[in-house]
Amino acid sequence: MAPTFSAPPDVPQQPAAPHAGVQPSVVPPVAAPAVPPAASPVTSPVTSPVSTEAPVPSRAAARVQADGVRPPSRPVAVEPEPPADTPSAVPETIPEDAASDAYVSRETPSREEDDPPLAMEAMRAVQILNPSGEVTMPRPDRPRIMCVANQKGGVGKTTTTVNLAVALALHGNRVLVVDLDPQGNASTGLNVPHHAGVPDVYDCLIDNVPLAEVAQGVEGIPDLWCVPATIDLAGAEIELVSVVARESRLARAIAGHPAEFDYVFIDCPPSLGLLTVNALCAAQEVLIPIQCEYYALEGLNQLINNINLVRQHLNPTLEVSTILLTMYDRRTRLADAVEQDVRNHFGDKVLQAVIPRNVRVSEAPSYGQSVMTYDPGSRGATSYFEAAQEIAMRGVKESVGRNA
């Protein structure tokens, strides 16, 4: 162990005695700086205690180093031993789990955290697309004919019809979509041709053409069919005025279809004319999409009154079974207020699933697809999938209650 050296204190030197016969100089002598002798590290005694820190070189040591003298090596810090009467510290016992977690980075996700967003999105996509066919939604014991109606435009009637139909068809149900809107948006969303000259629902209403001859299969979804609508349907309301039993033309066409469907969705136009009355007469249930804004609530009373009139005079079995909140924007208080008002008024008829504003839902029709197939991992697809599940489960509960 190399000892620690300390610089000796500066000792003032006495001026040398002048020689005989020599006059002393009038200039006072300048004291030379004290230079420590180059002592051998072996013979130098160690008088100071061993320090745990490196010593700060003195000014004299710096001069010695400048003159070419090798400075002593840096001492090794030695930890002093504790006194004999001091008890030794007992190491704290650390649990095995804590010891293993102590070496895990904070950026490493723990076991309790959810999967990454991409993994969750992939899981939702597989669940919605159901490529293996193992996941199925319960099928009703009788066909459920649902009319999707709201006289206000832009509330999501067509989007709701298309996506619910695709979700149910992908999970083991046979579904038929009847496009009763002259704009033909449901036909566009399912990529079914509906240009002029294509047999459509107009031929069924006016010329009594069987529904099976105009229904087209949807590409990529084996259990889904669509009855398209062309621009000819725009004049159907005028032509139906003079037709006998004009309100029940669509009901007879659906009843005459040889195939049996689990669900029949009728997409209504944004009006309360004869086409909507035909849909209300043919249906057993009414599904009302409600946009989470004030205007959607304003026209709801008139729609309920018309449904009551149809029930009293034309279709006694008709009922409002489902209310679906669409275009929900959680950032606004208005959306929350509309939701609370609708749930307080309609109670259990309002689905727990709420459709949020999602750009993928709006992009899908431009590619001739539903959001279920366009982006199955998106939030819009997940919300419609949950709504379809809830509708299917309610149909099973109603069947059980009716049989009981």
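Beyond residues up to four places away in sequence, Thr382 touches Arg124, Ile128, Pro376 and Gly377. Thr382 belongs to helix α16, which covers residues 379–403, and counts as buried because its relative accessible area is 7%, under the 20% limit. The model described here is predicted.

**The chain as a whole**

- The protein chain contains 16 helices and 7 strands.
- Of the 404 residues in the protein chain, 38% are buried.
- Among contacts in the protein chain with a separation of 6 or more, 79% are between residues 24 or more positions apart.

- Helix α10 spans residues 274–282 and is mostly covered, with 9 of its 9 residues buried.
- The buried residues of α10 are Leu274, Leu275, Thr276, Val277, Asn278, Ala279, Leu280, Cys281 and Ala282.
- Glu247 touches Val277, Asn278 and Cys281, and also Leu314, when residues up to four places away in sequence are not counted.
- Glu247 and Cys281 are separated by 34 residues in sequence, while their C-alpha atoms are 6.7 Å apart in space.
- Glu247 is located in the loop between α8 (236–239) and α9.
- With a relative accessible area of 23%, Glu247 is partly exposed, because this value falls between the limits of 20% and 50%.

**The second largest pocket**

- Rolling a probe the size of a water molecule over the atoms shows where empty space is left.
- The second largest pocket holds about 550 Å³ of space.
- Its lining consists of 30 residues, and those that lie nearest the centre of the pocket are Gly156, Lys157, Thr158, Thr159 and Met327.
- Two or more lining residues come from each of the elements α4 (157–169), α5 (185–189) and α14 (359–363).
- Helix α4 gives the largest share of the lining of the second largest pocket, with 5 residues.
- Sorted by class, the lining of this pocket has 15 polar, 12 nonpolar and 3 charged residues.

**Residues with positive phi**

- Most residues other than glycine have a negative phi, and most peptide bonds are trans.
- Met327, one of the residues nearest the centre of the second largest pocket, has a positive phi, near 55 degrees.
- Met327 is found in the loop between β7 (319–326) and α13 (333–346).
- The relative accessible area of Met327 is 25%, so Met327 is partly exposed.
- Asn191 also has a positive phi, with a value near 60 degrees.
- The place of Asn191 is the loop between α5 and α6 (201–207).
- Asn191 is partly exposed, with a relative accessible area of 48%.

**Aromatic pairs**

- How many aromatic pairs does the structure hold? The structure holds 4 aromatic pairs, and two of them, Trp225 with Phe261 and Tyr367 with Tyr374, are described here.
- The ring centres of Trp225 and Phe261 lie 5.7 Å apart and the ring planes stand at 65 degrees, so this pair is edge-to-face, a class that requires an angle over 60 degrees.
- This pair links distant parts of the chain, 36 residues apart: Trp225 is in strand β4 (residues 224–227), and Phe261 is in the loop between α9 (249–255) and β5 (263–267).
- Trp225 counts as partly exposed, at 22% relative accessibility, whereas Phe261 counts as buried, at 6%.
- Tyr367 and Tyr374 form a stacked pair, with 5.0 Å from centre to centre and 20 degrees between the planes.
- Is Tyr367 buried or exposed? Tyr367 counts as exposed because its relative accessibility is 53%, over the 50% limit.
- Tyr374, the partner of Tyr367 in the stacked pair, is partly exposed, with a relative accessible area of 22%.

Methods
Residues numbered from 1 in each chain as written. Predicted model: local features only at pLDDT ≥ 70, side-chain atom pairs only at ≥ 80, totals over all residues. Heavy atoms only, no water. 1 Å grid on protein atoms, 1.4 Å probe; cavity = no way out; pocket = protein on both sides within 12 Å on 5 of 7 lines; lining within 4 Å. Points joined across faces, edges and corners; volume = space filled by probe spheres on them. Helix = DSSP H or I, 4+ residues; strand = E, 2+ residues; numbered from the N terminus. Nonpolar A, V, L, I, M, F, W, Y, C, P; charged D, E, K, R; others polar. Buried < 20%, exposed > 50% of the residue type's maximum accessible area, 1.4 Å probe, protein only. Contact = heavy atoms within 4.5 Å. Phe/Tyr/Trp six-rings, centres within 6.5 Å; stacked < 30°, edge-to-face > 60°.
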